[in-house]
Structure formats: C-alpha cells, structure tokens
Amino acid sequence: MDYREVAQGLLKRAANNGASGAEVVIVEDESFSVRVRMRAVDTVQSAREKRLGLRLCFGRRSATTATSDFSPASLHSLLDDTVAMAHATAEDPCSGLPEPELFSSDAPDLDLWDPEAADLPIPERISLATTAESSALNYDPRITNSEGGEFGHQDARLLFANSHGFTGEYRGSSVVLSVSPIAVDAAGMQRDGWYSFQRRLRNLEHAEAIGHRAARRALRRLGARKVPTQQVPVVFDPDMAASLLRTICGAVSGSSIYRSASFLTGKLGQPIASTTLTVVDDGRMMGHLGSRPFDGEGLPTRRTTVIQDGDLTSYLLDTYTGRKLGMPSTGNASRALGQPPTVAPSNCYIVPGAFSPEQIIRSVDRGLYVTEMIGFGVNLVTGDYSRGAVGMWIENGELAYPVEEITIAGNLNDMLREIEMIGSDLEWRGSIAAPTLKIARMTVAGN
C-alpha cells in the first residue's frame with residue numbers, strides 16, 4: 001500500500017470538506033518478544049499492525065480519530081466522523097496546526113533502524129534470552145529461581161503528512177534483553193534484575209554480562225533490613241537518577257506549566273538547582289532511542305538546554321502549550337494515534353560530572369545508596385517527594401548492607417538545590433539517562 005497516496009487522498013478530502021488544517025499519521029510496526037523461564041521457552045509473541053491517525057481543524061475547533069482499517073469505505077467514514085466531531089467541539093484559541101513557515105524539509109538520517117536486528121533468526125533471539133537467564137542461574141548456588149529472561153524487538157515505520165505541504169517519514173527499531181533472577185538464603189528470597197535497551201543489536205550488552213550483573217544485584221539484596229528514621233545524604237544510582245529526571249521532565253512540561261500544576265511554574269530564568277546541574281533534551285542524537293527527525297506535529301526536533309548550571313532556561317513545549325505560554329514550540333510534541341499532540345522529552349539527560357560512583361560513595365559517612373524505588377508519591381504542584389525505596393546502606397564511605405521497607409522523602413525544590421555531586425557514569429539504556437547523583441540530605445524513614 002502506498003501510504004503517501006493514502007495520506008494525500010485524506011488531506012484532499014479534508015480540504016473539500018472545509019477543513020482549515022489536517023494531519024495524517026500512519027504507523028506500521030512489527031514486534032516480537034520471547035520469554036524463557038528456568039531455561040525453557042515460556043512465551044513467544046509476534047505481531048504486525050498498521051494504524052492511521054487523523055486530526056482535522058476547522059478554525060479553532062479540532063478533533064482527532066484513529067483506525068486500523070485502511071479500506072476506502074472505512075477511511076471515508078473516519079473522515080466524516082472526524083468532521084462531525086470537530087464541529088461539535090468548543091473553540092479553543094490555542095488549537096490548530098503549527099504555522100506553515102515553521103516546517104522544514106530538513107530530515108537528517110539519525111541512524112534509527114537496524115537491519116541486523118530485523119533479520120536476526122528466531123532461534124538466535126531465543127538463544128539470547130536463554131543465555132542471559134542461564135548466566136544468572138549459573139552464577140551462584142543461591143540463585144535458585146527466576147522470573148525469566150526476555151528478548152524483544154520492535155521495527156516501526158512512521159509517515160506524517162499535513163495540509164501545509166509537509167510530508168516526512170522515518171523507520172526505527174529497538175531491541176531489549178533482560179533477566180530477573182531470584183536469590184535465596186536462610187532469611188528469605190530477594191529479586192532483582194538487569195537489562196540492556198538499544199536501537200541496534202550490536203550495542204546490546206552481552207547476554208552473559210546481563211545475567212551476571214542481574215545475579216550480583218539479586219545477591220547483594222540478601223539479608224536486607226530496615227534502618228531507623230533519620231536525615232542523611234542519599235545517593236541515586238543511574239537508573240534511580242533517571243527516574244528523578246523523569247519527574248523533572250514532567251515539571252518542565254508546558255502542559256504542567258500553563259495549568260500552574262508544577263512547582264516550577266513562573267521560574268523560567270531563575271536559579272532552581274545546584275550550579276552543578278545541567279539538563280539537556282536533544283532529539284537529534286545519532287542512534288538514540290528518543291531521536292527522530294521531526295516531532296509529533298512535523299516540526300524539526302532540536303537540542304534544548306532545560307537547566308543550565310542550575311538556572312531554568314527552557315520549558316519543553318509543543319505548539320498548543322507554547323501558544324498558551326506565548327512561546328515557540330521546542331519540537332517536543334509526542335503523538336498517540338487517536339489523541340491530540342502532547343508534550344514529551346526526546347533524549348533527556350543530566351550532563352555528567354567529574355566524580356566516579358566510587359568517589360561519591362566514599363564521600364558519604366552514613367547514608368543511603370538507592371537502587372530501586374516503589375510507588376508514585378510525587379506532587380508536582382508542591383514538589384513534595386516521597387517514595388518507597390530499596391538499596392544499600394553506606395557506612396564510612398562503603399556499601400555496608402542491604403536495606404528495604406524504607407521511604408525516602410523530601411521536596412524537589414530542596415532536592416534540586418542540594419545536589420552535591422554528579423557522577424561521570426552517564427550510560428544510555430533508554431531515552432532518559434542520568435549518572436550517579438548525590439543529594440546532601442533527605443529523610444529516610446524506616447523503623
């Protein structure tokens with residue numbers, strides 16, 4: 001099927017129906033996953049689908065719909081339904097497509113698709129999952145069980161076209177390999193895991209290394225205990241620092257800002273964090289999972305410095321939230337078919353510092369090294385932050401013993417200002433990445 005022809009046909013019919021603006025998004029994707037448990041294949045799944053999203057604007061009224069049926073009759077019905085829905089909606093002075101002059105023919109090849117991953121035979125995909133799990137199970141006699149090893153692959157093609165004359169498309173892929181072993185001793189069982197998530201197969205960690213690292217993480221949790229409630233330094237490992245960064249991304253999202261639903265509302269251009277903190281969002285990093293040549297509205301992606309040396313220098317915006325705030329889009333529109341655009345980060349990261357993780361841990365006399373957080377106890381309006389946590393207790397600059405059934409709490413205003421050390425260990429295993437991070441003081445609630 002010629003998707004460009006399908007898109008152009010819908011755009012033409014939308015114009016004939018009086019639409020002042022129209023967008024068509026077509027996504028075709030193929031996914032595969034295999035899960036093994038205790039060295040035996042548990043599930044194998046494969047799916048291929050295509051979907052089409054349509055957005056129509058009539059002045060300041062708009063509606064968005066989607067379908068997986070590409071037959072002419074279905075597409076005609078979709079168009080008619082979308083027209084009716086748009087006329088039934090209330091006017092919104094900030095709705096509508098971006099201005100025509102903002103679109104660009106610049107669509108760089110960002111190395112987003114891996115033919116090697118697409119051509120990998122199914123037995124080899126199963127072997128990767130099996131090897132990762134077996135490496136964990138064989139690592140230590142105390143690893144007696146497993147929640148499974150899993151390999152996944154996704155291959156997608158996206159085409160975007162609008163009534164301003166912009167048409168663009170790209171293809172992308174991703175691969176993930178993970179394992180979650182269970183360790184046992186006299187005190188009980190503990191689970192942990194490890195994963196590698198990349199665009200290209202060749203960039204995945206070796207299956208054996210993933211299994212060994214997952215096993216070590218599970219073993220070090222054996223004998224975990226609570227600690228008394230106290231205020232101490234807290235060190236976030238890279239995954240947990242990335243989780244904290246996701247919260248910051250939500251706080252700088254234009255949708256949170258214009259609703260005054262963020263503790264960072266009205267603070268653009270002001271110091272909000274330690275001068276050691278710089279946060280960048282970059283949608284054009286070669287081969288990265290959050291990269292794309294254009295965003296969910298067809299606007300060029302770009303590099304945006306969100307926090308520079310502690311100062312809030314930019315929000316993340318799409319066209320709608322930008323209009324609400326009187327600012328241009330930052331190229332951060334994201335699109336779920338059947339839904340209007342929303343704001344989302346692309347490749348967002350904390351710029352690494354000068355300290356190794358070992359140096360950061362050695363700087364702590366007594367404190368907590370966080371390796372897992374539980375729950376969603378974050379209030380973006382006030383900045384209050386409280387989450388269940390698991391990790392290692394630090395004594396005299398060394399990881400002393402595992403801890404669990406505790407809560408870490410603070411306020412994001414204080415936490416950002418009290419970032420004391422930033423690690424040099426930035427590692428990309430997703431579209432949000434951060435190095436090890438030390439916050440000078442938080443409340444750790446336990447016994």
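These are legends for a few close-up views of a predicted model.

**View 1. The hairpin of β1 and β2.** Strand β1 (residues 21-37) and strand β2 (residues 40-58) run antiparallel here, with 17 bridges joining them. V36 faces V41, its opposite number in β2. Two residues sit between the strands of this hairpin, and M38 has a positive phi near 55°.

**View 2. R35 and D42, a salt bridge.** Take a look at the side chains of R35 and D42: their closest N and O atoms are 2.4 Å apart, and the two form a salt bridge. How accessible is each partner? R35 has 23% relative accessibility, so R35 counts as partly exposed. D42 comes in at 42%, so D42 is partly exposed too.

**View 3. On to the hairpin of β2 and β3.** Strand β2 also pairs with strand β3 (residues 61-67), in the antiparallel sense and over seven bridges. G53 stands across from A66 in β3. This hairpin also has two residues between the strands, and here G59 is the one with a positive phi, near 65°.

View 4. The closest N and O atoms of E372 and R221 are 2.7 Å apart, and the pair forms a salt bridge. Is R221 buried or exposed? With a relative accessible area of 8%, R221 is buried.

View 5. For context, the structure as a whole holds 23 salt bridges.

**View 6. E405 and K226, a link between distant parts of the chain.** These two form a salt bridge, with their closest N and O atoms 3.7 Å apart. E405 is in strand β17 (residues 398-411) and K226 is in the loop between α5 and β8, which puts the partners 179 residues apart. K226, at 36% relative accessibility, counts as partly exposed.

Note on methods. Residues are numbered from 1 along each chain as its sequence is written. This is a predicted model: local features need pLDDT of at least 70, side-chain atom pairs count only at pLDDT 80 or more; totals for chains, interfaces and linings use all residues. Side-chain values use heavy atoms; hydrogens and water are left out. A salt bridge is a side-chain nitrogen of Lys or Arg within 4 Å of a carboxyl oxygen of Asp or Glu. Buried means under 20% relative accessible area, exposed over 50%, partly exposed in between (1.4 Å probe, protein chains only). Helices (H or I, at least four residues) and strands (E, at least two) are DSSP runs, numbered from the N terminus. Two strands pair if DSSP finds at least two bridges between them.
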